[in-house]
Amino acid sequence: MSRYQILVIEDDAPVRNLITTTLKANGYQYITAGNGESAVMDAASHNPDIILLDLGLPDIDGVEVIRRIRGWSNVPIIVISARSEDTDKIDALDAGADDYLTKPFSVEELLARLRVTQRRIALIQNAGQEQAVYTNGDLKIDYASGCVYLGGEEMHLTPIEYKLLCLLAQNTGKVLTHTFILQKVWGSSWESNVGSLRVFMATLRKKLEKTPDAPQYIQTHIGIGYRMLKVE
Ligand code: CA
């Protein structure tokens, strides 16, 4: 039996049943909510490990549910969006969601997202002791000295590339939106300069990834942003 308890917030019964059947078959514990108000109360009273949140709820908007829960909790939130518009996902991610699934999704996709989130939870628990060195596969960041190593070799990064890499590393497993990255690395004046971000990301990847076309570390979410993956 998995020690993870998932709060499933979804008003559409067939989708909710698909999710809970999958969770049950894979040893997860779960609780369900059919609207936003009761979901916020369930999140507070049950303190779940992961939240699966449908953005289109009958009472309050899913993004508002995220904002309320983020008022007191950092629980990982995976949003489920029926709409293909990127703006919903971007709003949800900027409000504090960690990841997203687009309907219709497969059972395999759902399980894969949960595994990514579980690895993120494990990383956050380890980071409780304020790690001075970040390790992920062959990548090592020594925060104290500001040195980055790949397979034991020191990488030569520009200050911007280093800032970008640290931001992604500190949020391993979480999808970061373009706006979030631009604000953190350059400050708000760069808010809309996604083109420049793309250029810096390409040069960073050239140094970091063995095959930049099939990146191992930094995943692209087209129209949305980037995510550092935990490399096994
Ligand atoms: Ca819905």
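I began with Asp11, which is partly exposed at a relative accessible area of 33% (buried is under 20%, exposed over 50%, partly exposed in between, with a 1.4 Å probe and protein chains only). I noted that this is a predicted model, in which local features need pLDDT of at least 70, side-chain atom pairs count only at pLDDT 80 or more, and totals for chains, interfaces and linings use all residues. Residues are numbered from 1 along each chain as its sequence is written, and side-chain values use heavy atoms, with hydrogens and water left out.

I then looked up the calcium ion: Asp11 (OD), Asp54 (OD) and Gly56 (O) coordinate the ion at 2.2 to 2.4 Å. Asp11 lies in the loop between strand 1 (5–9) and helix 1 (13–25) and Gly56 in the loop between strand 3 and helix 3 (62–70), so the pair ties together parts that are 45 residues apart in sequence. Donors are N, O and S atoms within 2.8 Å of the metal (3.2 Å for Na, K and Ca); water is not among the atoms, so sites may look incomplete. Helices (H or I, at least four residues) and strands (E, at least two) are DSSP runs, numbered from the N terminus. I recorded Gly56 as partly exposed, with a relative accessible area of 36%.

I turned to Asn47, in the loop between helix 2 (36–46) and strand 3 (50–54). Its phi is near 50 degrees, a positive value in a residue other than glycine. Asn47 is exposed, with a relative accessible area of 58%.

Pro104 sits in the loop between strand 5 (99–102) and helix 5 (107–126).
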